[in-house]
Amino acid sequence: MAFLPPPPLLRARRPLPAVGVARRARHWAGGRRLAGAVGVPLRAAAAGHPCPDGPPTRAHAATFRDGRDLMAYTDEQSVSRRSSPLVGVPTAVGCGADDPTDVPGAAVDYLCPEGHYWEWTGGRVHYVTAGTTGPVILMLPGFGVGTFHWEDNMTELARDHRVFCMDKLGLGRSLPAPSPDTAAAADTSVATDVATVALPPLGVDLWAVQVTAFIEAVIGEPVYLAGNSLGGLVALTAAAARSDLVRGVVLLNAAPFFGALPHPTTSPRLHAAITVPLRSSGAARWVLARFWSNLRDPPTLTRLLRLVYATPARVTETLVDQILAPTRVDGAFGRFTSMLLSTRGERGFDDALDVVAARAVPLAMINGREDVWVVPAWGHRVKRRAPDTAYFELSPAGHCPHAEAPAAVNAVLRAWVAAIEGGGELPMREVDAAPHAPAVVADDGGNDSGGGGGDHDAPALGPDTEQAIFDGVSVRRLSGRPRGWLERLMTRSVVAAFIASSLQTLADHPEISHLDIGGW
């Protein structure tokens, strides 16, 4: 999951019938899952990982849980062992506090391979790599997920790309640097021998700085940024800040915002009046504790994922466990509180989009049509605001198209990057969006590539292609013309359109009524 809307505040009214999910719920509730778990404690990893300064200077293989090999790309010339000259992360109040259910030093099984660690002044950053040649793509997961969410994309694209995927600080295996007094540290800088720059708290601004610092220190050359949901917002923000480090940006159902509190720079008075008191509020912490408890309930999370994914079969017990694993790490509730009480980015989505478009940074969108959170109207709005954007719509696919329809996403991403690199025509011909999802027929090229999209006989995405099918998922490139009242409203009032789209989601998805606020 990624962009957090109101539904995660909800709790399943009744448990799901699946025996496996019920058993897993009992496992987590009783803490027995931790007793037999395997893995490396994060504290132990931070103390003595075999590669504490980043990847080794030779390629080695990691293995996914299903036995596939993931070759690590390393380049001694491009990897810097130096951290960026930025200093400690001031975080929101409560970031250092542990949830009563956390088990200090517990060994957590993340159900995905451990990669490399980059020691940054902002924290210990976890990332994985694949591929040894070709353009560089840096993938950014959404909120609540980690590098595992891009596995099917990395293995396929590594054939002709160098691919990196990074956990943002506070998510996955990336842990922010400890801060002694988070309230006082918010306006404090620590001098270094290079520069004196204060990092922002956990939130979009910090993650954008993390991305640009990672590109400079670890990758060492401009990259294509691909981000899903919150990762898309971070990618766009980073590209606006340092367009010289970015060859192109790919947004996959990008969240149009994250963090609702006033920013100290853009709204200093509101920040002082609202943000600071709220972060120290016991009532706010109590509400977030209930929110946290509900989110970590396996049946509730499973039900939410089935709402978010257009293909419920993709919501497996393994996926649920992968998402829940980091919530068992010591201090997870404090980091969650810090992120949920984060401020809006200093530069909003629209401003970042305008900067990226003005600087002629190539931009593409690969959106799932059936997303109930970031509905298609948001994608059409981006296309109209930045007309040169290549807007690809996938159906059926929901909020996380790269995980639901990896074959289609891999094909579009590969064709688009190739067009940018070669200076040729962009893949597919623009067409107007249909009022209803396009009919899906048999694959044009007899494609049966499975989840990873590895079939080399898959249909080609030429400049004249109007529709292609990958593993039963339709791909079309849209012109951005409004196809209904909601998209026409979006051009005039974002607030009104947001309210209208929320009401439309409730009307189109009555299964939301199966959720209610639990424990109040």
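The conversation below takes up cavities, helix contacts and backbone geometry in turn.

Q: What kind of model is this?
A: This is a predicted model.

Q: How many cavities of 30 Å³ or more does the count come to?
A: The count comes to five cavities of that volume.

Q: What volume does the largest cavity have?
A: The largest cavity has a volume of about 310 Å³. Its lining is made up of 20 residues, and Gly 144, Leu 171, Trp 292, Ile 323 and Thr 327 are the closest to its centre.

Q: What about the second largest cavity?
A: The second largest cavity has a volume of about 80 Å³. Its lining consists of 14 residues, and those nearest its centre are Tyr 110, Gly 146, Phe 148, Gly 172 and Pro 326. By class, this lining holds six nonpolar, six polar and two charged residues.

Q: On to the helices. At what angle do H6 and H7 pack?
A: Helix H6 (residues 204-219) and H7 pack at about 65 degrees, and their axes are 8 Å apart. H6 and H7 are therefore roughly perpendicular to each other. The crossing of H6 past H7 is right-handed.

Q: Which residues make that contact?
A: From H6 they are Val 204, Trp 207, Ala 208, Val 211 and Thr 212, and from H7 they are Leu 230, Leu 233, Val 234, Thr 237 and Ala 238. Eight of the residues in the contact of H6 with H7 are nonpolar, two are polar and none is charged.

Q: How do H7 and H13 cross?
A: The axes of helix H7 (residues 230-241) and H13 come within 8 Å and cross at roughly 50 degrees, so H7 and H13 are oblique to each other. H7 passes H13 in a left-handed crossing.

Q: Which residues meet there?
A: Leu 233, Leu 236, Thr 237, Ala 239 and Ala 240 in H7 meet Phe 349, Ala 352, Leu 353, Val 355 and Val 356 in H13. This contact of H7 with H13 comprises nine nonpolar residues, one polar residue and no charged residue.

Q: And what is the geometry of H13 with H14?
A: Helix H13 (residues 349-358) and helix H14 (residues 376-385) pack at an angle of about 40 degrees, with axes 10 Å apart. That makes H13 oblique to H14. Their crossing is right-handed. H13 contributes Phe 349, Asp 350, Leu 353 and Asp 354 to the contact, while H14 contributes Arg 381, Val 382 and Arg 385.

Q: How does the contact of H13 with H14 divide by class?
A: The contact of H13 with H14 has three nonpolar, no polar and four charged residues.

Q: Changing topic to the backbone: which residues does a cis peptide bond join?
A: A cis peptide bond joins Ser 395 and Pro 396, with omega about 0 degrees. Pro 396 is placed in the loop between strand E12 (390-395) and helix H15 (401-404).

Q: Which residue has a positive phi although it is not a glycine?
A: Leu 111 does, with a phi of about 60 degrees.

Q: Where is Leu 111?
A: Leu 111 is in the loop between strand E3 (69-71) and strand E4 (116-120).

How values were computed:
Residues numbered from 1 in each chain as written. Predicted model: local features only at pLDDT ≥ 70, side-chain atom pairs only at ≥ 80, totals over all residues. Heavy atoms only, no water. 1 Å grid on protein atoms, 1.4 Å probe; cavity = no way out; pocket = protein on both sides within 12 Å on 5 of 7 lines; lining within 4 Å. Points joined across faces, edges and corners; volume = space filled by probe spheres on them. Nonpolar A, V, L, I, M, F, W, Y, C, P; charged D, E, K, R; others polar. Axes fitted to C-alpha atoms, helices over the stretch in contact; angles between N-to-C directions. Helix = DSSP H or I, 4+ residues; strand = E, 2+ residues; numbered from the N terminus. Parallel < 35°, antiparallel > 145°, perpendicular 65-115°, else oblique. Left-handed = near helix turned anticlockwise from the far one by under 90°. Contact = heavy atoms within 4.5 Å.
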